[in-house]
Every structure is written in structure tokens, then in C-alpha cells.
Amino acid sequence: MDDFDWRDLAQRFGTPAYVYDGDALARQITGLRAALHRDLEIFFSLKSNPNPAVYAILHAHGARAEVSSLAELTTVLAAGTAPEDILFLGPGKSERELAACIDNGLYAIVCESFQELAAIDRLAAERGVRQRVMLRVNPAYSVSGSRLTMGGKPRQFGIDEAAVLAAGDLVERHEHVHIAGVQAYLGTRILDADVVVGNTAYILDLSERVSAALGIRLDVVDVGGGLGVPYFDGEEELDLKSLQAGLNPLLDTFRAAHPGTRLIMESGRYLTADAGTYLVGVRYTKESMGERFAVTDGGTHHHMAAVGIGSFVKRNFPIDLLAGGDGDGGDGDGDAAPEAMPAARWTVTGPLCTPNDTIGKKVALPALRPGDLLGVRRSGAYGPSASPVLFLSHGYPAEVLVTQGQARLIRDRDTTDDLLAKYRP
């Protein structure tokens with residue numbers, strides 16, 4: 001657990017803010033790379049946290065890049081990522097995005113439909129080059145043990161396994177495309193090492209079947225990933241030792257049969273979630289019909305994941321009291337701090353005009369008063385960039401990186417002028 005001076009951070013950068021622990025980011029990528037097979041390359045999924053400063057730390061410790069937009073591609077190229085260490089994914093890529101992949105010499109475009117394959121072939125032909133692609137396959141196999149299943153059912157992602165295996169002369173029909181291998185992503189937020197191993201075994205077997213059916217050399221296999229982190233009560237950490245014991249021998253066997261094949265695993269949430277805290281200040285405390293509320297300056301417009309979308313029952317991210325009030329009631333007027341309400345189960349909300357703006361429901365917290373600082377933990381992935389930050393025109397929060405005890409601002413908070421500048425009367 002961090003030992004930051006949260007009151008100092010709040011005074012310097014304001015609240016609400018996302019605070020990332022740079023040392024924790026480095027430990028996470030280093031630990032994962034050390035545990036897994038030496039030939040398995042880790043590609044960071046920027047969609048989980050696109051902040052360039054976050055990626056810079058992960059890249060410095062060996063992460064490659066998996067991107068899904070021109071902004072993400074520009075970010076990783078600016079960070080010095082070699083084009084051969086970049087993959088571009090997404091089910092609906094524009095021609096501009098496809099052209100950028102080809103023009104920048106990316107290692108591979110992960111192709112998600114036969115129509116997209118034809119578009120890549122045409123764009124590559126116009127440039128007189130041959131573009132490497134990986135076929136994203138939507139497997140017939142449906143994973144159990146993931147919090148979100150990505151394969152084995154109708155999806156906009158990838159090409160159905162049966163369609164790929166029956167594609168016949170796919171290679172011959174696309175002479176400006178080099179079909180180099182397979183990518184599959186079966187599920188996300190997986191906390192059971194055996195599920196990850198089983199998924200990987202299926203994808204490796206699938207890649208061999210696709211190779212045989214299409215007559216392609218298997219230059220690369222991307223086994224997806226989906227490594228999870230525990231957010232809620234009753235969930236346990238993914239056991240890296242168990243993952244190592246099951247996965248590495250499997251890859252040894254595959255490597256012996258395919259010594260030249262590049263092996264890739266994607267990881268986003270697992271690398272960044274635990275390193276982030278959403279820091280909010282308590283503005284008001286109140287009781288309504290027997291339920292205690294702490295109304296904060298942050299909300300679900302910055303942290304949509306905290307709403308519990310997709311769950312029938314609202315479950316809370318870990319929430320801690322990080323620092324007591326600053327003595328002025330949180331409004332800076334110098335008045336004496338109000339009395340704290342007793343320790344209890346608190347519903348933690350934000351400033352939005354909707355009852356859905358609930359960060360935590362009946363959270364066990366100490367006595368609270370205005371001016372206190374709360375932290376929503378494990379918030380380093382799918383935070384502001386995956387949230388409706390423009391709701392009520394609040395805009396993005398500040399983002400702060402703390403590395404070796406030194407804090408710096410890595411994204412400015414949106415101001416009213418920022419938010420209004422792009423409108424046209």
C-alpha cells in the first residue's frame with residue numbers, strides 16, 4: 001500500500017484527481033514478465049489507460065504496445081516504440097487508421113473481418129507493399145471463469161472460427177497481404193490461472209488448425225490475455241505461480257514445434273489497475289431516511305466502472321479514508337470544521353444530478369466530515385477515458401503520477417474555458 005501524503009497531493013493538484021503510483025506500475029510489469037515464459041512478449045493495451053506517462057513507464061520496463069486508435073498509435077510512436085512492437089486492433093477501423101498502420105510499418109494489423117482484409121489488401125497495393133496481418137478469430141469455444149466473455153458467441157469481434165477454417169484460397173485472393181498468424185481473445189477479468197492456461201491451450205491448437213487450413217506459415221500467435229484483478233469482496237488475486245506452472249510448460253511444447261513463431265500476450269487492466277487511486281474530497285455529509293451519505297466532488301462521470309455496469313447487484317471497489325479534514329470544512333472559508341458523523345456504513349456519491357452517481361454503496365468507513373479525502377482504489381484501468389466525463393460539463397479530472405516520492409501533473413484538469421472552446425454558436 002502506498003504511503004503518499006494525500007493531503008499534500010490534494011492541496012497541490014486539487015480534487016477530484018487520479019493518482020498513479022509509478023513504482024507500482026514498474027513492479028507489476030516486471031513481475032509479470034519474470035513469471036511468464038521468456039519468449040512470451042507482453043503488449044500493453046492502451047485502451048485500459050492511454051495516458052502517455054503511464055505507458056512510458058511500462059514501455060521502459062519491456063512492454064510493447066497494442067493500440068486501437070490514431071491517438072494511441074501516435075502516443076506509442078512518440079514514446080519511441082519500434083513499429084515492429086505495435087499491433088493495431090479494433091472491429092471497425094477506418095481507412096485512415098489502416099493507412100496509418102501501413103505507412104508506419106506496424107508489425108501487424110489484427111484483421112477482424114473479410115471485408116477489412118480486402119481493404120488492407122487494396123491500400124497495401126496502392127502503396128506497392130505487402131502488409132502483415134493477424135486474423136482475429138472468434139472461437140467456437142466459450143470460456144468459463146471470465147467476468148466478460150469475448151468469444152464463443154455472436155460478436156462484432158473477429159471472424160468466426162468455422163468461417164476462417166473454410167476460407168480456402170484466402171491467401172491467394174489477397175496478394176498484398178501477408179497472413180502471418182492468429183489472434184484470439186476469449187475473456188477478460190480472469191482470476192483463475194487454470195482458465196488462462198485452458199484458453200491459451202485452445203488458441204495454440206486453433207492457430208495450428210488455421211495454419212493448416214489456409215496453408216500459411218505460423219509467424220505469430222497472440223493468445224489474448226484477460227488477466228484480472230480482484231475488485232470486490234470474495235475475489236482473490238490471480239495466482240502468478242500457478243499461472244507460471246501451467247502456462248510455461250505449455251509454451252515450451254509449442255515453442256519446440258514452432259521455434260520461429262512470435263508469441264504475444266495482451267495485458268491492460270492487470271498492469272495498471274492496482275497502481276491507480278481516484279482521489280475525491282468530501283463536500284457534505286448527511287443522513288436521509290436512516291442512510292448516511294458522503295457527497296464528494298468526484299463521481300461516476302470520471303469512474304463509470306464504479307457504477308457496477310453489467311452487475312445485477314452493486315458491488316464496491318475498495319474505498320479508503322486517506323486523510324482527515326483540513327479544518328475549514330472543505331470550502332476554504334476558514335470556519336471551524338463541522339463535527340464528524342460516526343463510523344458507519346456510508347453511501348459515497350458524487351455531484352451529478354442522477355441517483356446513479358454512486359461511487360460506493362454502504363461502505364464501511366470511519367467517521368466522516370466535509371474536507372475528508374477518500375480514495376477509490378484499484379482505479380488505474382478504465383477510469384476517465386472510459387467514463388462520460390462531459391456529463392453536466394464537468395470535464396476530465398487531473399491526473400498525477402508519483403514516482404520515487406516525486407509527484408507531477410500528467411494531465412491538466414479541464415477548465416470551463418476548455419469545455420466551451422469547441423462549441424460553435
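The lining of the largest cavity in this predicted model divides into 4 nonpolar, 4 polar and no charged residues. In this classification Ala, Val, Leu, Ile, Met, Phe, Trp, Tyr, Cys and Pro are nonpolar, Asp, Glu, Lys and Arg are charged, and the others, Gly among them, are polar. The model is a predicted one, in which local features need pLDDT of at least 70 and side-chain atom pairs count only at pLDDT 80 or more, whereas totals for chains, interfaces and linings use all residues. Residues are numbered from 1 along each chain as its sequence is written, and side-chain values use heavy atoms, with hydrogens and water left out.

**Cavity**

The residues that line the largest cavity are Tyr185, Leu186, Gly187, Asn199, Ile203, Val223, Gly224 and Gly225. Its volume is about 40 Å³, and a search of the whole structure finds 1 cavity of 30 Å³ or more. A cavity is a set of points on a 1 Å grid over the protein atoms alone where a 1.4 Å probe fits but cannot get out, and lining residues have an atom within 4 Å of a point. Grid points are joined across faces, edges and corners, and the volume is the space filled by probe spheres set on the points.

**Nonpolar cores**

The largest nonpolar core has 98 residues, and Leu243 and Met265 have the most contacts inside it. Helix α8 (residues 193-214) gives the most to this core, with 10 residues. Apart from it lies another core of 13 residues, including Phe13, Leu322, Ala323 and Leu373. Such a core is a set of buried Ala, Val, Leu, Ile, Met, Phe, Trp, Tyr and Cys residues joined through side-chain atoms within 4.5 Å; buried means under 20% relative accessible area, exposed over 50%, and partly exposed in between (1.4 Å probe, protein chains only). Helices (H or I, at least four residues) and strands (E, at least two) are DSSP runs, numbered from the N terminus.

Leaving aside neighbours within four places in sequence, Leu243 is in contact (heavy atoms within 4.5 Å) with Leu36, Ala193, Val196, Val197, Leu227, Leu238 and Asn248.

Strand β4 (residues 86-88) runs parallel to β5 and is joined to it by 2 bridges; Leu87 stands opposite Ala108 in β5. Strand β5 (residues 108-111) is in turn joined by 3 bridges to β6, again in parallel, and Val110 has Met134 in β6 as its bridge partner. Two strands pair if DSSP finds at least two bridges between them. Strand β6 (residues 131-138) is mostly covered, as 7 of its 8 residues are buried.

**Backbone geometry and loops**

Most residues other than glycine have a negative phi, and most peptide bonds are trans. A cis peptide bond, with omega of about 0°, joins Thr15 and Pro16. Pro16 is placed in the loop between α1 (6-13) and β1 (17-21).

Gly405 lies in the loop between β19 and β20 (406-411) and is exposed, with a relative accessible area of 63%. From C-alpha to C-alpha, Gly405 and Met304 are 29 Å apart in space, and they are 101 residues apart in sequence.

Conventions
On a 1 Å grid over the protein atoms alone, a cavity is a set of points where a 1.4 Å probe fits but cannot get out, and a pocket is an open set with protein on both sides within 12 Å along at least five of seven lines; lining residues have an atom within 4 Å of a point.
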